[in-house]
Amino acid sequence: MIDLMIVTVAKLPFLLGFSVERARKEFWVIIDTGSSDLWVASVYCQSPSCCEYMDLLCWQLHTGHMTPKMSTTFQCKWRKLDLHYGFGKITGVLASETIRIGTAVAKNQTIGLTKSKIGGFLENSPYDGVLGLAYPSLTRREANPLFDNLKRQGVISQPVFALFLSSWPQKSSLLLLGGVDYAYHNGDLKWVPVTQAHLWQIAVDRISINKMVVACSGGCQAIVDSGSSVLAGPTQVVRNIFKHTKPNPKEKSQSLISCDRSKALPPIIFTINGMDFPVSPKYYLQKVSKDICFISFHGGTEDRSPSETWILGDIFLRAYFTVFDWGNYRLSLAPSV
């Protein structure tokens with residue numbers, strides 16, 4: 001089993017570092033369980049946010065050909081890459097390279113090299129790219145996801161990875177590949193089947209506050225997504241939740257509240273596979289100033305199918321140590337230490 005240290009930049013999703021095997025250069029990418037591809041900003045990228053990364057990759061364009069600068073294991077596939085995210089899209093080409101994450105080495109790993117990054121969040125991001133950890137069915141046909149590659153090459157002992165996202169400055173966050181360290185959760189792990197081997201999608205029975213069902217009354221679907229920093233659902237349903245969490249709005253925004261009211265706020269309870277998983281204000285409130293706090297619920301998922309689909313982002317993952325079991329199409333949850 002390999003433990004990987006993860007660092008965060010301001011309030012962005014969690015990042016980890018990997019290096020090109022022979023280039024002695026480290027790249028920082030978002031861990032995203034809501035996608036499957038690995039990509040980094042390249043020397044071809046013309047977006048403003050790529051300018052500071054022009055020297056990060058180990059290749060340069062010379063008379064129309066790809067010329068290795070430091071790596072002897074790089075190969076360009078010259079296949080088009082076009083990826084869409086909720087916060088923008090990237091275009092580029094596919095290549096393969098030997099990369100290292102911690103002590104794990106993945107050979108012939110597919111990497112997307114960006115030509116453009118479109119979208120406010122992407123264009124102003126202080127990270128190099130994204131590492132997708134969803135199922136292979138979500139990736140491009142010509143690509144091989146990193147975790148699948150590690151599994152096929154026998155680098156990891158089990159087709160399992162786990163995430164511990166720390167809420168405490170003195171405790172590091174971890175991505176564990178190939179096994180589970182039980183020191184990072186309290187109580188037993190509770191297993192939940194994946195309903196679609198595409199995303200890490202699960203069935204939710206209901207969502208309640210103070211014993212009152214406020215969402216998902218007839219059951220719904222949820223996607224466990226480390227690439228998202230919030231809890232997201234259909235806009236009108238989220239507005240209903242705001243009514244239960246803040247009857248006295250701060251200013252005009254439904255998502256802002258006086259921080260001195262935080263102790264009076266109730267937990268949001270997600271009932272999954274017959275088991276309750278409460279998310280307390282400690283996790284779903286973020287301080288934006290000395291006196292003002294932000295409730296980390298967003299709308300906008302009504303365009304998904306089925307219409308009531310929830311995104312359980314880093315807010316949920318901080319509360320629960322999560323094991324992603326590829327081999328058995330399930331994940332498990334237990335309260336984080």
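In β28, which residue is the bridge partner of Phe-321? Please describe the strand around Phe-321 as well.

Analyst: In this predicted model, the bridge partner of Phe-321 in β28 is Ala-334. That pair belongs to an antiparallel pairing in which β27 and strand β28, residues 330–335, are joined over six bridges. The two strands form a hairpin with four residues between them, and in the turn Tyr-329 has a positive phi of about 50°.

As for burial, six of the six residues of β27, which spans residues 320–325, are buried, so the strand is largely enclosed by the rest of the structure. This holds for both directions in which the residues point: Tyr-320, Thr-322 and Phe-324 point one way, Phe-321, Val-323 and Asp-325 point the other way, and all of them are buried.

For comparison with another part of the model, the UniProt annotation "active site", from an unreviewed entry, covers Asp-32 and Asp-225, which cluster in space with a largest C-alpha distance of 6.5 Å although they are spread over 194 residues of sequence. Asp-32 lies in strand β3, residues 26–32, and is buried because its relative accessible area of 6% is under 20%. Asp-225, found in the loop between β18 and β19, also counts as buried, at 13% relative accessibility; among its contacts beyond four places in sequence are Asp-32, Asp-314 and Leu-317.

Methods
Residues are numbered from 1 along each chain as its sequence is written. This is a predicted model: local features need pLDDT of at least 70, side-chain atom pairs count only at pLDDT 80 or more; totals for chains, interfaces and linings use all residues. Side-chain values use heavy atoms; hydrogens and water are left out. UniProt positions are given in the numbering used here, feature names are shortened, and annotations may be inferred rather than shown by experiment. Buried means under 20% relative accessible area, exposed over 50%, partly exposed in between (1.4 Å probe, protein chains only). Contact means heavy atoms within 4.5 Å. Two strands pair if DSSP finds at least two bridges between them.
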